[in-house]
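Here's a quick briefing on a protein model, written for someone who likes to know the cut-offs. Have a look at the structure first, then work through the points by topic.

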Amino acid sequence: MIWTTMRSAALGLGNQIGVIDVDGVILSAETLNSQLRKFGDDSSVKAIILHINSPGGGAAASQEIYNEVLRVRKEKHKKVVASVESVGASGAYYIASACDKIYANNASVVGSIGVIMEWTNYGELLRWAKLKNVTITAGELKSAGDPSRDLTPKEQAYFQSLVDNMYTQFVHDVAVGRHTTEDKIKPLATGQVWTGQQSLPLGLIDKVGGFRTALIDTARDAGISGEPSIVRPARNRRGLLAILTDDGEDLFPNPSQLLNHAPGFYYMWK
């Protein structure tokens, strides 16, 4: 097997399979979508494999990647295949459902179709510190989700309606991607996960098998004979200074930022 980078792809090696790693929590679509676009535009890349090991992440980010997978398939006429390693759940499964095929190992974890909205309520901490949050708003629900207090019944219903709407979008998009109906997906959309072995008869995946199986099958479907060549996105290497200056806030968070956590909507297996 030949491992190369996007730079060598530009030299015209041809007949390659592009492999994009979808690892960890999905917080942004920018990097993955950029990689999808580059492989989609590269004539030497005959098909793309998303090598997934992720519990999901942000609802909007997962949805953006899902849409980009569909676009590359439709406009560039390239197969995009998902290969789930250990975990392909929630937002990661959302993305996988947009692919032509989904592969997973027998013991892989797949599914978790559902939505979570969460934030940290620090009201008790403020009261303990004898601090009081002061908020002036215009609009009845403008301060809904204020982490310094509990939700009112109306706010609870408001947020539940948002979560329900995102859940409906999730179910719909999985049904479209898997070429089935929402009525068949809904019984599986309980937020639970299944092993790869369990997922196959449920129609959540197409074949039990690891990355090697997905690679060989995809190469044959793309008309590549012999041992397929793999191309991966070039890594963006950064020095220690760049990490400390650009991401210093992530490495050494300001304590005040802990109190600045807005409500988030997630397609995430937790």
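Helices (H or I, at least four residues) and strands (E, at least two) are taken as DSSP runs and numbered from the N terminus. On that count the protein has 11 helices and 12 strands. This is a predicted model, so local features need pLDDT of at least 70 and side-chain atom pairs count only at pLDDT 80 or more, while totals for chains, interfaces and linings use all residues. Residues are numbered from 1 along each chain as its sequence is written, and side-chain values use heavy atoms, with hydrogens and water left out.

**Confidence**

- The average pLDDT (the predictor's confidence in each residue, from 0 to 100) is 87, and 84% of the residues score at least 70.
- A contact here means heavy atoms within 4.5 Å.
- Where pLDDT is low, the predicted coordinates should not be read in detail.

**Overall picture**

- Of the 270 residues in the protein, 44% are buried; buried means under 20% relative accessible area, exposed means over 50%, and partly exposed is in between (1.4 Å probe, protein chains only).
- Among contacts with a separation of 6 or more, 75% are between residues 24 or more positions apart.
- The accessible surface comes to about 14,700 Å², with 53% of that belonging to carbon and sulfur atoms. Areas come from the Shrake-Rupley method with a 1.4 Å probe, and for residues only the protein chains shown count as cover.

**Nonpolar cores**

- A nonpolar core is a set of buried Ala, Val, Leu, Ile, Met, Phe, Trp, Tyr and Cys residues joined through side-chain atoms within 4.5 Å.
- The largest one has 49 residues, and those with the most contacts inside it are Leu36, Ile48, Leu50, Ile65, Val69 and Ile113.
- Elements giving two or more residues to this core include strand 2 (16-23), helix 2 (30-41), strand 3 (45-54) and strand 5 (79-89). Helix 6 provides the largest share, seven residues.
- Apart from this core lies another, of 12 residues, among them Ala47, Val81, Leu215 and Ile224.
- Leaving aside neighbours within four places in sequence, valine 69 is in contact with Leu36, Leu50, Val80, Ile95, Ala98 and Cys99.

**Helix 6 and its surroundings**

- Helix 6 has 25 residues and reaches 36 Å from its first C-alpha to its last, close to the 36 Å expected at 1.5 Å a residue. The expected span is 1.5 Å times one less than the number of residues.
- Its buried residues include Glu155, Phe159, Val163, Met166 and Phe170.
- Helix 3, helix 4, strand 8 (116-118), helix 7 (182-185) and strand 12 (264-268) are among the elements that cover the buried residues of helix 6.
- Just after helix 6, histidine 179 takes a positive phi of about 55 degrees.
- Is serine 97 buried or exposed? Serine 97 is buried, at 0% relative accessibility.
- Serine 97 sits in the loop between helix 4 (91-96) and strand 6 (101-104). Not counting residues up to four places away in sequence, serine 97 touches Tyr66, Ile102, Asp173, Val174, Gly177 and Arg178.

**Salt bridges**

- Searching the whole structure turns up 13 salt bridges, each being a side-chain nitrogen of Lys or Arg within 4 Å of a carboxyl oxygen of Asp or Glu.
- Arginine 71 pairs with glutamate 75, the closest N and O atoms being 2.9 Å apart. Both lie in helix 3 (residues 59-76), four residues apart, about one turn of the helix.
- An α-helix has 3.6 residues a turn, so residues three or four places apart point the same way.
- Arginine 71 is partly exposed at 23% relative accessible area, and glutamate 75 is partly exposed too, at 49%.
- Arginine 127 pairs with glutamate 124, with the closest N and O atoms 3.0 Å apart. This pair lies in helix 5 (residues 123-128), three residues apart, and glutamate 124 counts as exposed at 58%.
- Glutamate 140 forms a salt bridge with lysine 154, the closest N and O atoms being 3.0 Å apart. The pair links distant parts of the chain, 14 residues apart: glutamate 140 is in the loop between helix 5 and helix 6 (153-177), and lysine 154 is in helix 6.
- Glutamate 140 is exposed at 63%, whereas lysine 154 is partly exposed at 48%.
- Salt bridges that share partners join Glu68, Arg71 and Glu75 into one network.
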